Amino acid sequence: MSSKVLYVKGSLDRHRTVRVYAHCSNQTNYPNGHVTFIVINLTNETVQLKFPDTLTDQPLHLYLLTPGGDGIQSKQIMLNGKLLELDNDMVPSMPGKEIAAHTNIQFPSLTYGYVVADAKAEACM
């Protein structure tokens with residue numbers, strides 16, 4: 001993700017328990033116009049998010065980070081349900097999960113993730 005921050009309506013509201021931020025995507029990994037949304041669920045419940053129908057018709061890329069088997073205090077982390085482990089002291093490949101646009105995305109309690117969309121955002125061209 002790039003350092004260019006985009007406006008998200010309600011992102012500055014106080015006492016938010018589900019936080020959403022947006023940046024232009026890193027152009028090394030995604031073409032111009034892509035937006036990376038950071039989603040943080042601070043609630044004790046699973047929440048569902050659906051991005052506006054006008055955002056894109058292209059598939060979204062989901063990077064959902066959840067704790068390993070020991071819950072929130074786990075020393076392990078999972079990406080899209082798969083345990084992340086070093087491979088010969090190297091950071092493993094971390095591909096996103098492709099999901100259809102206009103899909104409800106579930107974020108379990110106390111998790112965070114990234115959603116990358118081909119939003120064709122003018123600010124990110």
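Guide: This is a predicted model, in which local features need pLDDT of at least 70 and side-chain atom pairs count only at pLDDT 80 or more, while totals for chains, interfaces and linings use all residues. Residues are numbered from 1 along each chain as its sequence is written, and side-chain values use heavy atoms, with hydrogens and water left out.

Visitor: How many helices and strands does the secondary structure of the protein have?
Guide: Helices (H or I, at least four residues) and strands (E, at least two) are DSSP runs, numbered from the N terminus. From that terminus on, the elements run β-β-β-β-β-β-β-β-β-β. The count is therefore zero helices and ten strands.

Visitor: What radius of gyration does the protein have, against that of a compact globule?
Guide: The radius is taken over C-alpha atoms, and the globule rule is 2.2 Å times the number of residues to the power 0.38. For 125 residues this rule gives a value near 14 Å.

Visitor: Which residues is isoleucine 40 in contact with, leaving aside its neighbours within four places in sequence?
Guide: Contact means heavy atoms within 4.5 Å. By that criterion, the partners of isoleucine 40 beyond those neighbours are Thr17, Val18, Arg19, Tyr21, Thr111 and Tyr112.
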